[in-house]
Amino acid sequence: RSDGLTSATGRQEGQPDSFGSLRGQTAVVTGGGRGIGRAICLELARAGAHVVIGYRHNRQEAEETADACRRLGPDARIVEADVSDPASSKRLIDEAFKIHGRLDILVNNAGITKDTLALTMKMEDFDRVLKANLYGAFSCSQAAAKYMLRARYGRIISISSIVGLHGNAGQTNYATSKAGIIGMTKSLAKELASRSITVNAVAPGMIDTQMTEAMSGMAQSVMKAQIPAGHAGRPEDVAAAVHFLALPQAGYITGQVLGVDGGMGA
Ligand code: NDP
């Protein structure tokens with residue numbers, strides 16, 4: 001075929017699946033048990049993808065998310081994985097591939113915060129955040145890329161943050177990890193583009209989850225006052241952006257950072 005569209009999207013003309021469908025594909029979502037990760041699992045399952053949910057501590061949350069995904073139709077499994085350990089990340093990806101014999105989509109969602117002002121920040125807390133948020137995204141991407149390269153198709157989507165683009169007092173470690181995800185995304189995108197593997201990041205602003213509930217009331221209202229939309233986002237708002245980037249039809253979009261922030265980063 002001569003049209004670039006077919007090769008870029010991996011989709012044949014006349015293929016029956018409508019725009020938005022991920023039918024038959026396999027997706028891994030790290031930290032998928034709750035919050036934004038859970039919303040992503042449900043969104044991808046609704047689009048027809050089999051979801052493999054990585055969880056670290058809370059098995060029950062992950063099981064509940066898997067049950068909710070299965071009620072939407074496709075298969076869903078849970079796999080224990082602490083992404084700050086590269087061997088554990090690799091096991092998650094290998095396991096996911098084994099279940100369905102394919103791995104189309106990786107969503108690097110797992111993340112933590114350990115906030116304090118830089119002068120009082122312990123190196124240990126800098127390290128822990130970098131390991132979970134950035135090293136975790138890299139080790140999962142590296143393991144997944146091996147399968148995607150073989151298939152000459154793949155979608156890697158990492159959850160960065162507006163804080164990775166603009167910084168935030170009290171979050172030097174977190175902002176560094178989220179900025180690192182952007183550098184990683186752009187570099188990997190260049191390495192993998194010729195094999196029809198796209199690598200993108202989503203940068204949420206303030207989204208209502210347990211992570212933001214943990215902020216003080218004062219910090220929450222300061223943040224909310226800066227949102228042009230006038231309110232925090234929902235996990236589903238982030239999931240919709242991930243869904244779009246995961247589509248076969250988004251095959252010519254790579255190395256990008258898509259803000260989901262109610263205008264905060266505009
Ligand atoms: P939550 O704290 O609600 O969920 C985070 C999830 O990540 C949990 O399931 C947690 O599991 C998991 N996780 C954390 N560390 C690890 C690890 N080492 N290995 C495996 N899983 C891990 O946070 P959100 O849903 O709010 O955040 C999801 C992502 O979105 C994060 O990357 C976050 O930085 C990012 N984000 C969030 C924003 C917000 O406003 N909420 C804004 C911008 C970005 P466990 O409980 O077992 O640790």
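In helix H7, the residues Thr-172, Asn-173, Tyr-174, Ala-175, Ser-177, Lys-178, Ile-181, Met-184, Thr-185, Leu-188 and Leu-192 are buried. A residue is called buried if 20 or more other C-beta atoms lie within 10 Å of its own, exposed if 12 or fewer do, and partly exposed in between, with C-beta atoms placed from the backbone. The model is predicted: local features need pLDDT of at least 70, side-chain atom pairs count only at pLDDT 80 or more, and totals for chains, interfaces and linings use all residues. Residues are numbered from 1 along each chain as its sequence is written.

Helix H7 covers residues 172-192, and its 21 residues reach 30 Å from the first C-alpha to the last, close to the expected 30 Å. The expected span is 1.5 Å times one less than the number of residues. The buried residues of H7 pack against H5, S5, helix H6 (162-166) and S6; two residues are in contact if their C-beta atoms, placed from the backbone, lie within 7 Å. Helices (H or I, at least four residues) and strands (E, at least two) are DSSP runs, numbered from the N terminus.

Seven strands form an open sheet in the order S3-S2-S1-S4-S5-S6-S7, with parallel pairing. Its edge strands, S3 (76-80) and S7 (257-260), each pair on one side only. Two strands pair if DSSP finds at least two bridges between them. From one strand to the next, the twist averages 20°; axes are lines fitted to C-alpha atoms, for helices over the stretch in contact, and angles run from 0 to 180 degrees between N-to-C directions.

Strand S1 (26-29) illustrates the pairing. S1 is joined to S2 (residues 50-55) by 4 bridges and to S4 by 3 bridges, both in the parallel sense. Val-29 stands opposite Ile-53 in S2 and opposite Val-107 in S4. In a regular strand the side chains alternate between the two faces of the sheet. In S1, Thr-26 and Val-28 point one way while Ala-27 and Val-29 point the other, and all are buried.

Ala-203 has Gly-259 in S7 as its bridge partner.

Helix H5 (residues 123-151) lies across S1, S4 (105-108), S5 (154-159) and S6, running at about 175° to S4.

An unreviewed UniProt entry lists residues 25-210 as "domain: Ketoreductase"; positions follow the numbering used here, feature names are shortened, and annotations may be inferred rather than shown by experiment. Over residues 25-210, the chain is 52% helix and 18% strand.
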